[in-house]
Amino acid sequence: MKRSVTAVILMLMLLCLAACGGEAQKNGEAAAEPVPGQETAQEDANWYFMKGDVRIEIGAQAEPILKALGDPQSSYEAPSCALDGMDVVYTYPGFEVLTYVMDGEAKISGVVLRDDTVETAEGVCIGSSKADVQAAYGSIEEGAASLRMTKGNCELLVILTDDAVSSIQYLMADGTV
Amino acid sequence: MMRMKWLRPLLFAFWLILTLFLLQRLLMPKYIHENEEGVLAGEYYDDAGGNDVLFIGDCEVYSNFSPITLWEDYGITSVIRGTPQQMIWQSYYMLEDTLRFETPRAVVFNVYAMRYDRPQNEAYNRLALDGMRWSKVKADAVRASMKEEESFASYVFPLLRFHSRFSELNADDFRYMFRSEPLSHNGYVMRVDTKPVTVLPQPVPLADYRFSETDWRYLDMIRDSCRAHDITLILIKSPSCYPHWYEEWDSQIADYAEENGLIYINFLDHQEETGIDYTTDTFDAGQHLNLAGAEKASAWFGKILAEQSGVSDRRSDPAMASRWEEKIAFYGKMKASQEKQLEETGTVKSFR
């Protein structure tokens, strides 16, 4: 009888472990999955870059965005040191899109604006003045050469050189690179 | 009768612990056919002892230097304790852990890790830490490495972390519950295939090129530990085209080396002398060297080690020579296996 009780206890433990794992996975998937149809509701939740009609947002599924952007000028695949999947840098005229693989799916991990042929959704581009940046994003600390603003899972980094914008980057907000 | 009453709970506790132990062994990733570099941290203990040179750092050390070449060309005994995206605090603790087993004459630290000021990825922490043997050093390494969402308990009892693998178990999990397949050659991970550099992304400007206080503190700790053990510390920037190594970073390391009387070698400044050709000597378009590249880098660096770090040629030691003969045989076998795969399929699908 006691043996049976012990066996049952152990079976329950195993089931708990398995179930717990399944639950954890589900939670992970739920957090990673984009929510179709909520694009409008999320419009202000994250910083995003628009190229024509294509909205590029950190953490978004890369495939539909890359398809909509068309063929890049070049791409550079950087295999993850050990983990599965490739980090890829896609170069388009005026900007680059960076992707990484999470749970077998490519996602956007960064956007770097390279010249003044493209601009942020707020109208700032490479070469914009400090005043333009302040008008779009608010005041910049005296003496600061960059402005970092986090919205949702995206950090928008604007770097100034001699009071003009020299780099604009959309990055992952948790500081991972 | 009374004795039996005590015995039963004890037996139950023993059985429970044994069951949990077996479950843990079963559920932990085996790193045999995927994420193979996960075995590196644990493989060191098979190679521990008698190593005159220790390499610490990320994939730029375990892919780019061949201890076999150092032995064959110079009689230098060396071991690499590299793990994917190894953080500088992990490099420090790898050094401290190594000092529990042996005291090398020289430590070579790849400074690329200085770019990270905080833990980046739990998966990489696991690859660096789960294979380390338990000691106070490992406990400190875990505390230094954990991201906010991680728990110390999950490193003590990895079952807490990996129980969700229950539904993913495969034949490897049963076959390698109590053993592994060797992957590295004293920490070197071999790749014989070639993917040339054709294009490189432009470097992305940074808002601040200064390394963090945390990085400097750990670099000081590595320096101090080496000094305390009379070890020559050599800083290197390993040969790699991507990710970009900024001049602003390079000058900070050069200044630190000068202030502290250390050797600093940026391999990117010595491409001609090393003979590394990024159209033939890399397997992933310039991020890591393939076997040909690693042997070139090692052949060139071995001369510096021999001349400037006080390591001696140990090929006349019969016991050591015999030990390294075995390593050379394994090296040759893996090289042949990979070349065969490359010839038959055009790619290297398996390291072994």
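How many bridges join β7(A) and strand β8 of chain A, and in which sense do the two strands pair? β7(A) and β8(A), the latter covering residues 154–161, pair in the antiparallel sense over six bridges. The model described here is predicted. For the complex, the predictor gives an ipTM of 0.81 and a pTM of 0.88.

**Chain A: the sheet**

The strands β7(A) and β8(A) belong to an open sheet of seven strands, with the order β3-β4-β5-β6-β9-β8-β7 and antiparallel pairing. Two strands of chain A lie at the edges, β3 (74–79) and β7 (146–151), and each of them pairs on one side only. On average, neighbouring strands in this sheet are turned by 15° against each other, with direction ignored. Strands of a sheet pair through backbone hydrogen bonds, either parallel or antiparallel.

Helix α2 of chain A, residues 62–69, lies across β4 (86–92), β5 (95–102) and β6 (105–113) of chain A. With β6(A), helix α2(A) runs at about 50°.

**Chain A: the hairpin**

Strand β1(A) and strand β2(A) form a hairpin that has two residues between them. In the turn, G52(A) has a positive phi of about 65°. The two strands, β1 (residues 48–51) and β2 (residues 54–57) of chain A, pair in the antiparallel sense over four bridges. M50(A) stands opposite R55(A) in β2(A).

**Chain B: overall**

Chain B has a mean pLDDT of 95, and 99% of its residues reach 70 or more. Its secondary structure comes to 15 helices and five strands. The C-alpha trace of chain B spans about 80 × 50 × 45 Å along its principal axes. A compact globule of 352 residues would have a radius of gyration near 20 Å, so the 22 Å of chain B agrees with that expectation. Of the 352 residues in chain B, 41% are buried. Among contacts in chain B between residues at least 6 apart in sequence, 80% join residues at least 24 apart.

Two packed helices are described by the angle between their axes and the distance between the axes. In chain B, the axes of helix α5 (residues 88–99) and helix α7 (residues 136–145) come within 9 Å and cross at roughly 180°. The two helices α5(B) and α7(B) are therefore roughly antiparallel. From α5(B), the contact is made by W89(B), Q90(B), Y93(B), E96(B) and D97(B). From α7(B), it is made by V137(B), K138(B), D140(B), A141(B), A144(B) and S145(B).

Where does Y246(B) sit? Y246(B) is in the loop between β4 (232–237) and α12 (247–259) of chain B. It counts as partly exposed because it has 15 C-beta neighbours inside 10 Å. Leaving out residues up to four places away in sequence, Y246(B) touches P203(B), L206(B) and Y209(B). The C-alpha atoms of Y246(B) and V204(B) are separated by 9.7 Å, with the two residues 42 apart along the chain.

Conventions. Residues are numbered from 1 along each chain as its sequence is written. Chains are lettered from A and ligands numbered from 1 in the order in which they are written. This is a predicted model: local features need pLDDT of at least 70, side-chain atom pairs count only at pLDDT 80 or more; totals for chains, interfaces and linings use all residues. Two strands pair if DSSP finds at least two bridges between them. Axes are lines fitted to C-alpha atoms, for helices over the stretch in contact, and angles run from 0 to 180 degrees between N-to-C directions. Two residues are in contact if their C-beta atoms, placed from the backbone, lie within 7 Å. pLDDT is the predictor's confidence in each residue, from 0 to 100. The radius of gyration is taken over C-alpha atoms; the globule rule is 2.2 Å times the number of residues to the power 0.38. A residue is buried if 20 or more other C-beta atoms lie within 10 Å of its own, exposed if 12 or fewer, and partly exposed in between; C-beta atoms are placed from the backbone. Angles under 35 degrees count as roughly parallel, over 145 as roughly antiparallel, 65 to 115 as roughly perpendicular and the rest as oblique.
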